[in-house]
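Me: I would like to learn how to read the features of a structural model carefully. Could we go through one together?

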Amino acid sequence: PSLCSLLNSNKFTLIGDNAFAGLSHLQYLFIENNDIQALSKATFRGLKSLTHLSLANNNLQTLPRDLFKPLDILSDLDLRGNTLACDCKIKWLVEWLENTNTTVPAVFCSTPGQFEGQRIRDLALGDFQCITTDFVMHQVLPFQAVSAEPFTYASDLYVALAQPSASSCSILKWDYVERKLRDFDRIPAHSAVHCKPIVAQDQLYVVVAQLFGGSYIYRWDTAVDKFIKIQDIDSQKIRKPNDIEAFQIDGDWYFVIADSSKAGSTSLYRLNQNGFYSHQALHAWHRDTDVEYVENDGKPRLIISSSSQAPIIYQWNRAQKQFVPQGEVGEMLDVQMVKHFRAKRDQFLCLSRYIGDSKVVRWEGQRFVEVQTLPSRGSMVMQPFAVGQRQYLALGSDFSFTHVYLWEEEKQKFAKFQELSVQAPRAFRAVPAADVQLLLAPSFKANTLVYRHVVVDLSL
């Protein structure tokens, strides 16, 4: 017997799960001219014999994913006269319409503007921008820190954190099973401002920069599984260290310490068989706040920012094995920090300032051209970092939220993306931990936070 159900011109607004349970012989179902705004995912479960379904002239704006999956032999479906929003939640319907044998009269998009009036069947799956990302809290490290440096040693992932209030350099190890950072070891460091791990020739060194009491280099001794202090760094030159960068040039390992005292000098050290040796004094008496190593067109460069002048560019001279001053970055004064990133072929610098606006500038052969200005009152850190194909920028502040921006290649600009609540951040470091992408945010005043980068498909 042909079974038919008419639910027309009622005042329904919602039809819930299993609404037609027990009607397995029903063949025709017409739910028309109601004010139905929502159906639940399992509304039509159990309607194995249904061949004709009409939901015409309702107020449906979206349809739950795989709504028609239980209807094995559906031959006719009428969705006309609804106000369907052609967004990610309806992407599945476009796919279903492409592959189904069911006859479906044309249905049109009501929103968004760019699709208004278009036939849903004509939309391409590529029209839907459904992949987005998010930074979510992954772990809270119950201590303050001012720097974070990830490194890999003997196939394991570690992070070194400078903790001035705990008088130590903390080394944490990534636990691949628990997917968390765990305590591994600590190096006593009475007023640590930076702990820089360097893995060179299968040895692990940690350069420990302290505000008071000199700076030191430790080496991991595999015979005793301990960090052993191997040398002091000349405290006449390095009085108030601020930042450390390590890099290789032509197979040799170097590190450079930015010194922020009036009487000290930013200095370059080179590794030989027995340890790191003073190689070159750079930029004396300028209260340097930050140093960045950049290589483009095969030319190694250092960019040193200071509180007393515009950032200075040094270029490596291969014959002399020294860095030679090469000019300045624009007329930017009082730059706290210089960081670089690449997008496609271009090289950019991010210049953060505590007072005034921070800038993004692009390298154009001989000079830098400003591309963007970002308001940044109270910013001590502006860190570009990439996760996969996406280029982000984290701009911290001592007075408000951290703003995460996302680079838009066609506009050559960063767009606001997300706010993170980090108190007085002093660094942001992206850490690729196997299948998890982390963002570490050391805080000067509160717990150090670990965020996880997640990719979200809005069409699921």
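**Domains, disulfides and a pocket**

Reply: The C-alpha centres of domain 1 and domain 2 lie 60 Å apart, where domain 1 covers 1-129 and domain 2 covers 146-233, with bounds that come from an automatic or database domain assignment. This is a predicted model, in which local features need pLDDT of at least 70 and side-chain atom pairs count only at pLDDT 80 or more, while totals for chains, interfaces and linings use all residues. Residues are numbered from 1 along each chain as its sequence is written, and side-chain values use heavy atoms, with hydrogens and water left out.

Me: How many disulfides does a search of the whole structure find?

Reply: A disulfide is a covalent bond between the sulfur atoms of two cysteines. Here the criterion is a pair of cysteine sulfur atoms within 2.5 Å, and the search of the whole structure finds three. C86 and C109 form one of them, with their sulfur atoms 2.0 Å apart. C86 lies in the loop between β7 (84-85) and α1 (91-99) and C109 in strand β8 (residues 109-111), so this pair ties together parts that are 23 residues apart in sequence; helices (H or I, at least four residues) and strands (E, at least two) are DSSP runs, numbered from the N terminus.

Me: Which cysteine is joined to C88, and which to C169?

Reply: C88 is joined to C130, with an S to S distance of 2.2 Å, and the torsion of -105° about the S-S bond makes that link left-handed. C169 is joined to C195 at 1.8 Å, and both of these cysteines are buried, meaning under 20% relative accessible area, with exposed over 50% and partly exposed in between (1.4 Å probe, protein chains only). Numbered in sequence order, the bonded cysteines of the chain pair as 1-3, 2-4, 5-6.

Me: What lines the largest pocket?

Reply: Rolling a probe the size of a water molecule over the atoms shows where empty space is left. On a 1 Å grid over the protein atoms alone, with a 1.4 Å probe, a pocket is an open set of points with protein on both sides within 12 Å along at least five of seven lines, and lining residues have an atom within 4 Å of a point. The largest pocket has a volume of about 1200 Å³, the volume being the space filled by probe spheres set on the points. Its lining consists of 46 residues, of which H194, D243, D290, M337 and K339 lie nearest the centre. The largest share of this lining, seven residues, comes from β14.
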